[in-house]
Amino acid sequence: MLTQHVLDALNDGRLQQQCALAAPANEFASVKEYGLLLGDALVEDNRLNAAAGMQGKAYEKYVKVTDGSIGHENGATVVRGRVEKFPSTSSAFHGMFVAVRKSGEHGALICAAFCTSATKERVLLKGIPPDRVSDVQAAACTPSGLHVVPTHRVQFQVDDLEALHAFADMQDRPPVLPYLLRPRVPQGGGPTTTHVAADTFNAEQLAAVRMVEAHAAGGIVAIQGPPGTGKSHVIARGLLSPAMGPLLGRILVVCNSNQGLDSVLDKLNKTNPDAHSWACRIGHDEKVNELLKSYYRGDVEADVTGFRVVFTVGYQAGRLKGKKVDGVAPELPPRNFDTVIYDEASRAGESDIAKVVLANRTTLRLIVLVGDQEQLPPIVHEAMQATGFGRSCMERILVARAASPTHIMLKEQHRMAPQISAIVSELSYRGELRCGPTVRGPDVNGALRGRSLIGINLLPPFAEEDQFVGSARSFVNRAEAKAAHAVWRWLKRHGDALGVGGLCMAEQCAIITNHLEQRAELQALIGNVPRDQIASPGRSGSVKHPPEIKMLLDTVDTVDAYQGSERDVVVLSPLATKRAGDRRLLNVGLSRAKRLVVIVGALDTLAAGEHGEMGWRQLVQHVREHGVLLDVCQPNMADLTGQLEQIVQAVNGVGSQATVVADSSQEAGSVTPTRNVRQRTG
């Protein structure tokens with residue numbers, strides 16, 4: 001159903017990169033209106049992503065069919081012939097929208113289709129319009145051939161559309177439903193007697209627990225947890241404690257990432273020795289943390305009726321069907337949870353919440369959304385974001401309620417060094433964050449004198465243009481990647497001297513970027529691995545690396561993947577692209593670091609124009625006043641390494657800035673004369 005809706009739109013000429021839907025409302029009159037709108041949004045998001053892939057002019061992953069013939073099989077068009085350019089794995093095509101093109105570097109687009117399978121003998125395509133079949137056959141029969149290019153995977157989203165339509169037709173009315181559709185419906189307050197040990201929480205954390213207690217009879221409560229403020233502590237030590245059982249009933253704990261889910265379960269495990277008797281974990285076995293396997297009880301079909309608290313990931317929490325038996329997936333009965341705690345809720349779209357409500361349609365009375373709308377939103381096409389469909393359910397509810405007694409923000413952070421916390425608080429939290437007693441930056445006796453921010457400003461001719469890689473639909477800047485790699489090696493050599501201790505790079509450091517192709521470039525450098533052995537959107541990269549190399553490769557990832565994690569030292573490689581102008585990405589990137597952040601990039605460019613308005617101007621100024629800012633304009637890597645070595649020697653006095661300009665007449669790696677090292681105060 002979803003695939004046909006999308007194909008109809010694409011083949012009717014809707015290839016434009018604009019959202020065809022009007023901005024969504026904050027409140028909805030009926031469950032049908034809400035469910036159908038979410039279904040339309042899912043179709044439109046798929047249409048936009050598939051259209052973007054179909055319009056791409058450069059691609060590496062495709063099937064070429066020559067000297068072929070056209071047939072039909074089980075409602076699909078079968079293209080047989082001599083199949084060339086077959087990728088290393090057929091999964092590259094299964095469940096994908098594809099662009100069917102005439103061959104050639106800029107082969108004309110014939111139509112959109114849906115690929116159900118691809119082998120070296122044939123390609124099965126569904127949804128080819130009847131009036132285009134002859135064109136497909138004509139191209140496949142020629143010696144130059146036919147290209148089938150994958151554009152967008154929809155394997156898991158077909159079931160999502162069915163679930164949303166089922167939600168729209170839902171006859172049951174769970175107690176929580178009115179609060180989901182109309183957030184301004186008054187929520188009754190209840191007892192505020194604290195059922196947990198108050199001395200284990202700070203003021204806002206305790207207020208959050210009490211707020212949930214007060215609305216246990218029904219409603220939606222939002223707890224905003226900025227980075228390092230202990231939202232997992234509130235869930236594990238507060239909301240899931242045995243003392244809260246009589247109030248909250250059976251609890252389903254949900255998170256869209258396995259890592260985030262296991263982080264909460266780990267905290268529960270450490271503070272409740274008997275938790276195995278009343279809490280369990282379901283999902284895919286291979287996704288569960290090895291140290292928590294004793295909690296595992298099976299997939300979503302497992303019998304967990306004897307457990308008061310159940311942990312699972314978002315797509316499992318909203319599943320309505322079980323595993324296929326003789327080709328048919330049986331309907332799962334409604335779950336009977338009273339309370340859902342949705343962690344990292346700022347990444348949960350409206351449809352994620354709707355599916356969980358549908359799965360618990362007979363009993364669900366309370367939803368606790370724990371997240372931070374100032375961090376990453378749900379993943380949708382950027383045109384959907386611009387129209388307003390990219391916001392989370394949590395953000396919609398907060399906007400609808402405005403100043404609400406059912407929302408609280410945690411304000412004491414226990415992760416970031418004070419200088420990092422100050423700029424994160426200024427950019428994203430109106431200056432309201434305060435530091436807990438345990439946070440610390442580099443040692444004050446180290447070369448950085450306790451400073452936690454370093455900026456490596458790449459100037460021409462060192463800086464180069466960010467390059468768009470069409471096959472990956474992503475950006476790369478190889479000069480910036482090499483500079484970040486030089487910083488990585490420098491940190492490894494001088495951790496002690498800089499005041500952050502001897503660093504285990506695989507466990508304590510991270511390199512974070514905004515783009516998948518830049519991640520692949522950085523991984524190749526960090527792991528000393530050929531680029532074609534690194535997986536990226538445009539390449540298969542199926543080489544299995546030794547464990548010690550894989551550990552290094554895993555330290556490099558995108559901002560999206562690192563949300564919820566932390567490291568002692570973070571190196572940021574943002575690239576001066578449109579994505580860098582998202583304040584939420586900048587917030588997440590900076591706030592992963594506990595002691596030191598090194599930002600590598602064209603900082604002058606980022607501080608100017610639209611990027612500057614979205615926080616980069618403030619950040620660069622903050623680094624200039626409170627950290628170390630190094631200008632680099634010499635493209636030679638040896639010269640860059642030499643300049644980095646000077647930071648240990650050139651940085652003196654709190655609040656100074658070391659701007660080091662390479663001198664090509666100097667021996668690489670030597671200390672540049674005083675005339676080339678300009679000390680300036682903020």
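**Figure 1. V380 in the loop between β12 and α12.** V380 is located in the loop that runs between β12 (366–371) and α12 (382–387) of this predicted model. The relative accessible area of V380 is 25%, so the residue counts as partly exposed, given that buried means under 20% and exposed over 50%. Leaving aside residues up to four places away in sequence, V380 touches D45, Q385, F389 and G390.

**Figure 2. The largest nonpolar core.** This core has 60 residues, and those with the most contacts inside it are F167, L180, I353 and L369. Helix α2 (residues 31–55) gives the most to the core, with eight residues. Why does this core lie between domain 1 and domain 2? Both domain 1 (31–51 + 60–150) and domain 2 (171–323 + 333–410) give residues to the core, and it therefore lies between them.

**Figure 3. Surroundings of L369, and a separate core.** L369 is one of the residues with the most contacts inside the largest nonpolar core. Not counting residues up to four places away in sequence, L369 touches I220, V221, A222, I223, Y342, A345, I353, M394 and I397. Another core, of 39 residues, lies apart from the largest one and includes M211, V234, I251 and V370.

**Figure 4. Helix α1 and the elements that cover it.** Helix α1 (residues 2–11) is mostly covered, with seven of its ten residues buried. These buried residues are L2, T3, V6, L7, A9, L10 and N11. Which elements do the buried residues of α1 pack against? Their packing partners are α2, β3 (96–102), β4 (109–118), β5 (122–126) and α4 (157–168). After α1 comes G13, which has a positive phi near 100°.

Figure 5. Most residues other than glycine have a negative phi. D67, which is not a glycine, has a positive phi of about 50°. D67 belongs to strand β1 (residues 63–73) and is partly exposed, with a relative accessible area of 46%. For R430, also a residue other than glycine, phi is positive and near 55°. R430 is found in the loop between α14 (418–428) and β15 (434–435). The relative accessible area of R430 is 58%, and R430 is therefore classed as exposed, the cut-off for that class being over 50%.

**Figure 6. The largest cavity and its lining.** The structure holds two cavities of 30 Å³ or more, and the largest cavity has a volume of about 110 Å³. Fifteen residues line the largest cavity; the closest to its centre are N514, P574, L585, L586 and W616. At least two lining residues come from each of β19 (509–513), β21 (567–573) and α20 (583–591). Of the elements, α20 gives the most to this lining, with four residues. How many residues of the lining of the largest cavity are nonpolar, polar and charged? The lining divides into nine nonpolar, four polar and two charged residues.

**Figure 7. The second largest pocket.** The volume of the second largest pocket is about 300 Å³. It is lined by 19 residues, of which V300, A302, V304, P333 and R335 are the closest to its centre. The elements that give two or more residues to the lining of this pocket are β10 (309–313) and α10 (314–317). By residue class, the lining of the second largest pocket comprises eleven nonpolar, four polar and four charged residues.

**Figure 8. The protein chain as a whole, for context.** The secondary structure of the protein chain comes to 23 helices and 25 strands. Of the 682 residues in the chain, 57% are buried. Among the contacts in the chain with a separation of 6 or more, 74% are between residues 24 or more positions apart.

Terms used
Residues numbered from 1 in each chain as written. Predicted model: local features only at pLDDT ≥ 70, side-chain atom pairs only at ≥ 80, totals over all residues. Heavy atoms only, no water. Core = buried A, V, L, I, M, F, W, Y, C linked by side-chain atoms within 4.5 Å. Buried < 20%, exposed > 50% of the residue type's maximum accessible area, 1.4 Å probe, protein only. Domains from an automatic or database assignment. Contact = heavy atoms within 4.5 Å. 1 Å grid on protein atoms, 1.4 Å probe; cavity = no way out; pocket = protein on both sides within 12 Å on 5 of 7 lines; lining within 4 Å. Points joined across faces, edges and corners; volume = space filled by probe spheres on them. Nonpolar A, V, L, I, M, F, W, Y, C, P; charged D, E, K, R; others polar.
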